[in-house]
Amino acid sequence: MTTDATRTGDEPRTTDATHTTDAIRAAEVPADAVEPAPDSGPPSSVDPAGPAGVARGGPFWAWTALGLVVVVGLAALTRYLEQNVPSWAEGTAVEDIGAAIEYPVYAILLGLLGNAAVTLLGWRDRIAAAFRTEFFIKTGLVLLGASINLAVIASAAGPAIAQAILLISGVFLFTWWLAGRFGLDDKLRALLASAVSICGVSAAIAAAGAVRARREQLAYTASLVIVFALPSIFILPWLADVFGLSDAVAGAWIGGNIDTTAAVTAAGALAGEEALQIASIVKVTQNALMGVVAVALTAYFTLRVERQPGAARPGLGELWRRFPKFVLGFVAASVIATWYLDAAGADGKATIAIVNDLRVWFLILAFVSIGLEVRVASLREAGWRPVAVFASATVFNLALALGLASLLFRNFAA
């Protein structure tokens with residue numbers, strides 16, 4: 001069985017029993033959860049022990065414990081590689097690349113290798129209950145909120161917020177329109193548009209919760225984000241120098257384009273100290289708007305995309321049921337961290353650093369689980385259309401962000 005990530009849902013039905021099963025599973029996706037892989041066990045919003053009254057025997061828990069060992073072991077190996085590869089590559093021809101590769105790359109690759117290994121051993125379906133992808137990513141995103149200091153955003157309120165709103169709106173709508181022209185499924189359109197316009201994988205995860213996307217679609221989008229972010233670290237600072245951009249404009253351009261926060265930091269550092277500060281502020285401002293987009297997607301899919309003809313207009317209760325609740329935790333963490341840093345001063349940064357480190361661990365566990373769960377055949381069947389959409393949207397993002405940064409940050413002084 002395979003699941004085409006670009007499937008529109010309009011294809012003619014067949015008598016293939018496996019496809020019928022897929023359709024049933026798609027209709028049973030929980031309100032606030034990404035759809036699980038076809039054989040990865042029950043949806044993660046359901047008690048892992050299964051429905052009430054369904055007993056889980058000792059072998060189930062033994063296999064689940066083994067699965068946790070696999071997930072945590074691969075996560076630990078990811079952290080080891082992330083921290084040591086830069087020093088191993090130092091002084092070699094790949095020094096810059098070694099320093100630029102971030103933990104999502106190692107985590108997904110190791111997850112895919114682990115996936116192949118446990119499949120060959122015949123363990124994959126038995127240990128799948130340990131792949132708690134949703135729990136890991138939602139916890140990681142809530143902790144991500146602690147890294148957003150609202151006071152810093154307020155200090156650059158004018159140009160940073162203006163650029164974030166205009167850029168997110170423009171790039172999201174362009175990507176959504178282009179993906180529609182390429183015939184992509186609405187849920188994949190939402191994931192691609194959110195990822196390229198806001199903050200990469202984190203935004204795709206938030207969008208996946210809002211629109212109830214399939215897990216293959218999230219894995220596909222995350223892979224595209226990582227593939228495009230890596231070369232951007234080197235290309236954008238180089239282009240900023242070629243174009244003769246000021247540090248402020250270069251920083252705003254970098255922060256508005258590169259999708260992952262860590263990659264923005266790396267590229268900003270290559271462009272200079274002031275560029276790094278502006279890039280960080282612009283990226284954090286875009287991250288803070290992730291919750292707004294999640295609310296908008298929840299409302300749009302509930303009221304328009306998935307509303308049956310002739311059905312009553314969904315009320316606030318339905319919107320609340322579908323809304324990804326972890327976004328509230330993300331916002332609360334931002335408010336609490338801002339208050340705490342204001343009260344604790346410089347001493348508070350050490351505590352926030354611990355929270356950020358914990359967040360990285362949860363996201364590593366999430367990416368490892370995605371790699372373990374993903375069906376490579378499904379990614380291959382997605383074809384070239386999502387790649388073409390993402391590449392085109394990236395070019396549009398580059399052009400629009402350059403225009404906005406040149407206009408809004410022309411006379412900006414940090």
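1. Aromatic pairs. The structure, a predicted model, holds 15 aromatic pairs. Rings of Phe, Tyr and Trp (its six-membered ring) pair if their centres lie within 6.5 Å; planes under 30 degrees apart count as stacked, over 60 as edge-to-face and the rest as tilted.

2. F243 and W253. These two rings have centres 6.0 Å apart and planes at 45°, so the pair is tilted. The pair links distant parts of the chain, with F243 in helix α11 and W253 in helix α12 (residues 247-257), 10 residues apart. Helices (H or I, at least four residues) are DSSP runs, numbered from the N terminus. F243 is partly exposed at 45% relative accessible area, whereas W253 is buried at 2%. Buried means under 20% relative accessible area, exposed over 50%, partly exposed in between (1.4 Å probe, protein chains only).

3. Y300 and F301. Here the ring centres are 6.1 Å apart and the planes stand at 75°, so the pair is edge-to-face. Y300 is partly exposed, at 34%, and F301 is buried, at 0%.

4. R189 and W176. R189 lies over the face of W176, 4.0 Å from the ring centre. The criterion is CZ of Arg, or NZ of Lys, within 6 Å of the ring centre and within 35 degrees of the ring normal.

5. Basis. Residues are numbered from 1 along each chain as its sequence is written, and side-chain values use heavy atoms, leaving out hydrogens and water. Local features need pLDDT of at least 70, side-chain atom pairs count only at pLDDT 80 or more, and totals for chains, interfaces and linings use all residues.

Methods: Helices (H or I, at least four residues) and strands (E, at least two) are DSSP runs, numbered from the N terminus.
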